[in-house]
Amino acid sequence: MKKNTWFIIVYLLGLACIQYGCQSAQSKTQTKLEEARKAIAESNAVYFQAFVKGDSSIFIERYADECCILAPNSQPLCGAQGALDFFRIAYHQLKLRNGKFITTKIYGMGNEYVTEEGLWQSYNANNALMDDGKFLVLWKKTSKGWKMYRDSFSSNHDNSTK
């Protein structure tokens, strides 16, 4: 065979290997991201049960050990104690008793971190809407599964007069 023919064959084989490798990596990323998406949905489904039941342990379990809750107009509340403090404020002072998360997007590769973007609603004991807004949560894959690592949110309303 001529040199050009060998070159073309090697070139085409190389392209095929690159294409296969790229598809394989993309497939693995999709699988990891889907695993993260599923874990986030499961955690979000349980989150507000903490307020329904008045059980802070359900709430704290959603968060990584080194988490920080970045609530509006306050200092960051970090770690398990910060999560407990946030729960107590929301439950006892704000009278939060239920809520809902609506995930609109999840970003990332699904390896160690992913970011969730969405909307939230919170309800009082009479199941009346108290507030609603948007959030960004940075999730971290831990030895205990996907946990909230940074939780940042804000209201869609001016609550300064409440």
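**Note on the hairpins and the core**

1. Strand 3 and strand 4 form a hairpin, with four residues between them. G110 sits in the turn and has a positive phi of about 85 degrees. Strands here are DSSP runs of E with at least two residues; helices are runs of H or I with at least four, and both are numbered from the N terminus.

2. This is a predicted model: local features need pLDDT of at least 70, side-chain atom pairs count only at pLDDT 80 or more, and totals for chains, interfaces and linings use all residues. Residues are numbered from 1 along each chain as its sequence is written, and side-chain values use heavy atoms, leaving out hydrogens and water.

3. Two strands pair if DSSP finds at least two bridges between them. T103 has G118 in strand 4 as its bridge partner.

4. Strand 4 also pairs with strand 5, in the antiparallel sense, over 11 bridges. E117 is bridged to L136 in strand 5. These two strands form a hairpin with five residues between them. In its turn, N127 has a positive phi of about 60 degrees.

5. The largest nonpolar core has 28 residues. Such a core is a set of buried (under 20% relative accessible area, 1.4 Å probe, protein chains only) Ala, Val, Leu, Ile, Met, Phe, Trp, Tyr and Cys residues joined through side-chain atoms within 4.5 Å. Y47, F51, F59, Y63, F86 and V114 touch the most other members. Helix 4 gives the largest share, five residues.

6. F86 touches Y47, F59, I69, A71, L77 and F153, not counting residues up to four places away in sequence. Contact means heavy atoms within 4.5 Å.

Conventions
Buried means under 20% relative accessible area, exposed over 50%, partly exposed in between (1.4 Å probe, protein chains only).
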